[in-house]
Amino acid sequence: MLALKKPLVPIMALALLGIFAAGPAAAQGTLVVSSPQDPGSWDPIDTFLVNWASVATNIYDGLTYRGPDGKLGPGLATKWDVLDNGTRVRFYLRKGVVFQDGEPFNAAAVKFTFDRLLGPEGAKGPQFSNYNAIESVKVIDDFTVDFKLKKPDPVLLVKLGGYGAMIVPPRYIQEKGEDWFNTHPVGTGPFKFVSYEPKIGIKLEAFDKFWGGRPKLDKLEYRFITEPATAVAELQAGRVDLVIPPTIPIGMISTINSSPNLKVVSVPGLTVLALRFNTAHGITQDLRVRKAIIMAVDRDAIIKTILGGQAIPIASFQGPLSFGFDPSMKPVPYDPKQAKALLAEAGVKPGAQIQIDIRNNDETFLEVNQAIASYLKQVGINATIKPYETNYMLNDIIPNGKTGEMFQQAWGGWTLDFDNTAYLMYHSGEKWNPYEKDPKLDALLESQRSITDVAKREQILQEIARYSADHAYEMLLYNLNSIYAINTRVKNFVAPPDSRLRLTDVSVE
Amino acid sequence: MVKFLAQRVILSLFVVLAVTLIVAFAIRLTGDPALMLTQGAGSITEADLARIRAALGLNQPFFVQYANFLKGFITLDLGKSFLGGTPVATLVGKALPATLLLALSSLALSIILSIPLGIAAAVKKGKWADQAIRVLSLLGLSFPNFWLAMMMVLLFSITLRWLPPSGMEGILSFIMPTLTMGIILTATNVRLVRTTMLETLQSQFVMVARAKGLSERVVLYKHALRNGAIPLITYFGLQFGGLLGGIVVVERVFNWPGMGTLAFDAVAARDYPVLQSVICILSLLIVGVNLLVDIAYGIVDPRIRRD
């Protein structure tokens with residue numbers, strides 16, 4: 001045994017590997033998706049994780065359906081009537097639909113789904129409260145059901161198109177049990193469950209009897225990859241076809257686009273960002289100061305340079321897909337001169353100090369804030385940035401009103417209804433509103449919650465948006481894009497803003 | 001020896017207990033699992049959060065929760081993950097072998113490489129072979145392991161397409177993670193073997209062995225290495241503990257479905273049952289290995305056994 005010969009062995013082994021090349025996994029008719037998180041359960045009532053929906057939207061259907069265009073349409077219900085001033089909704093169900101285990105879909109399945117969601121099993125999970133406006137579900141006949149509501153819920157129809165309202169198979173769950181269902185999901189959607197390995201991935205295949213026609217793909221695989229660099233390496237190696245949000249950092253976009261067979265597809269997403277003001281303490285109590293601070297920062301330039309254009313400016317705390325969005329509202333223009341004048345008028349001396357609180361887990365947002373601080377410096381305000389651990393900031397600093405003059409708020413709800421944001425941000429006593437108490441705004445916020453007249457409700461939501469912009473409760477920054485990275489062999493992919501992938505029409509070359 | 005071992009076992013158990021207590025306490029300071037479960041919701045009320053917390057058993061006092069965990073752990077019932085309710089035993093049952101395989105293969109690679117290289121460097125002290133080995137070792141030490149991992153992925157997965165960039169599927173997927181950890185371990189170990197051997201080679205018994213006319217191979221491997229092995233065994237043992245800690249980064253880069261990935265995800269999701277079990281098992285392993293090192297000492301060196 002000679003000492004120096006040993007190291008040669010592994011090197012030779014490595015050289016030999018060229019023969020057993022690890023070829024790409026991209027098979028015909030199979031799409032491989034990289035998703036950053038394993039939700040642990042595929043039962044609709046167990047989680048409220050975005051990456052649950054990126055998979056499960058292919059397995060299940062709701063009574064209604066909202067696709068990537070944000071428009072609400074029929075799902076398992078072909079039509080519906082809103083009755084009794086919005087306290088009863090009658091759904092007419094689609095006929096000839098079967099679950100992936102062969103069980104027929106009918107009114108009893110709808111009743112079972114909502115009894116389960118609103119019963120003790122559902123109460124353990126996070127979905128329950130989203131649907132607790134529903135008092136009971138009554139079977140009228142095999143294909144007609146009535147939803148009786150405790151009070152009108154203007155967002156209910158949207159909510160029936162996703163997450164907890166996905167229709168589940170009664171016989172299957174009763175026979176196999178809850179635990180089995182968690183890891184062996186069955187629905188009426190275009191793809192059928194094949195296998196699931198916790199923390200590794202889930203495999204689906206086309207469901208031949210899908211009511212909307214068999215999907216174009218034969219197989220659909222999801223792999224759970226948390227690290228962005230790893231997901232992109234898999235994409236570059238041709239073993240993954242699609243990387244879904246929130247994975248791709250802005251800094252990696254150019255790398256992806258420089259590969260001939262890869263591209264980035266992005267659409268305005270759900271998340272909007274703002275630096276909200278502490279309106280109870282410090283110089284930001286003064287409306288003029290708040291307006292000056294907003295004017296002093298060139299938000300368009302920040303979007304172009306730091307965010308590589310992967311965001312759009314906003315004029316209220318919502319994106320253009322949100323119900324309540326008013327296209328006639330324009331963002332406050334960048335105007336440092338006017339900002340200085342307003343500050344002088346408010347008696348703020350050059351060199352005034354403010355503190356900006358942000359979460360410590362987002363490098364890009366830190367850069368954005370460094371830019372904001374340097375803009376503020378130019379109008380004579382010294383801003384210090386204070387990063388907090390995210391959970392600590394969300395559970396203590398903001399709700400208990402311990403923030404500096406400005407603090408980060410990132411927000412986005414999948415229902416895309418401004419009520420979801422506005423009520424929690426602006427109503428007195430809400431967790432995210434530690435500083436403001438405004439009876440007029442409270443009344444506006446409450447009034448739209450019981451209205452079923454869609455146009456009137458939209459008007460009130462737009463009024464709330466204008467009211468909050470006039471009072472400068474926050475420096476509105478931008479609506480971030482949802483960024484997908486994709487292999488060009490994938491055809492007909494339409495990027496959804498909310499990560500709820502439905503890949504029925506997608507095919508691969 | 002028996003008394004010594006008994007003392008060590010008690011001390012080790014105390015260490016494990018302290019580690020799990022600190023982890024259980026610390027993770028509870030950092031945030032609310034109920035909030036993490038509802039990230040897609042947007043609107044969620046305090047009442048909802050309270051209901052979810054109650055379902056997860058988080059409404060009980062801290063020490064009750066901790067005692068329940070310990071009781072469960074001792075009776076081998078590790079509970080269920082907060083994320084989706086998968087039994088923790090199922091998750092650990094898959095992750096632990098993955099991590100151990102990776103750690104052992106890396107350690108084995110480093111031992112296979114560093115012993116002959118270290119001996120060669122010691123024997124050829126000051127010559128070009130020694131210089132080359134020392135420079136290579138310095139290079140190996142200077143690489144951050146995640147960087148090394150990414151460079152390998154770039155070369156072997158993206159450019160050459162020989163190896164899968166991530167995951168644990170088949171023998172090929174072991175190569176890059178093992179090399180990443182193994183190379184860095186080797187860089188340290190080569191220096192250690194070299195120093196140890198240099199000391200041993202100057203001992204009188206080596207001179208005696210040579211004077212007896214024994215072949216150089218027998219002198220090096222039978223006499224010098226066996227005596228020099230004592231500090232090496234301690235070090236490799238301790239290194240195994242460090243390896244389990246340092247594996248998190250490598251597992252993450254290679255999306256390796258091991259304990260590091262499990263712990264990382266559990267911290268991010270505030271999945272207390274998973275995190276507590278992972279930490280408890282890893283600390284048991286680390287103190288267990290240290291105990292074994294003590295025992296191995298006695299086997300290699302009879303002088304210790306007699307004390």
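Here is a walk through this predicted model, from the domains of chain A to a pair of helices in chain B.

Let's start with chain A. Its domain assignment gives three pieces: domain 1 takes in 30-59, 189-268 and 482-508, domain 2 covers 64-173, and domain 3 runs over 272-480. Pick out domain 1 and domain 2 of chain A, and you'll find their C-alpha centres 26 Å apart. Where these two meet, domain 1 of chain A puts in 18 residues and domain 2 of chain A puts in 19. On the domain 1 side, α2 (50-56) and β8 (191-197) of chain A each bring at least two residues. That side is made up of twelve nonpolar residues, five charged ones and one polar one.

Now step out to where the chains meet. Here 51 residues of chain A are in contact with 50 residues of chain B. On the chain A side, α2 turns up again, and α8 (228-236), α14 (390-397) and α15 (418-426) join in, each with at least two residues. The largest share, five residues, comes from α8(A). Sort the chain A side by class and you get 27 nonpolar, 16 polar and eight charged residues.

Last stop: chain B. Helix α7 (residues 145-159) and helix α10 (residues 216-253) of chain B pack with their axes 10 Å apart, at an angle of about 25 degrees. Angles under 35 degrees count as roughly parallel, so α7(B) is roughly parallel to α10(B). The crossing of α7(B) past α10(B) is right-handed. To see the contact itself, look for Asn145(B), Phe146(B), Ala149(B) and Met150(B) on α7(B), and Val249(B), Val250(B) and Val253(B) on α10(B). Six of these contact residues are nonpolar, one is polar and none is charged.

How values were computed. Residues are numbered from 1 along each chain as its sequence is written. Chains are lettered from A and ligands numbered from 1 in the order in which they are written. This is a predicted model: local features need pLDDT of at least 70, side-chain atom pairs count only at pLDDT 80 or more; totals for chains, interfaces and linings use all residues. Domain bounds come from an automatic or database domain assignment. Two residues are in contact if their C-beta atoms, placed from the backbone, lie within 7 Å. Helices (H or I, at least four residues) and strands (E, at least two) are DSSP runs, numbered from the N terminus. Ala, Val, Leu, Ile, Met, Phe, Trp, Tyr, Cys and Pro count as nonpolar, Asp, Glu, Lys and Arg as charged, and the others, Gly among them, as polar. Axes are lines fitted to C-alpha atoms, for helices over the stretch in contact, and angles run from 0 to 180 degrees between N-to-C directions. Angles under 35 degrees count as roughly parallel, over 145 as roughly antiparallel, 65 to 115 as roughly perpendicular and the rest as oblique. A crossing is left-handed if the near helix is turned anticlockwise from the far one by less than a right angle, and right-handed if clockwise.
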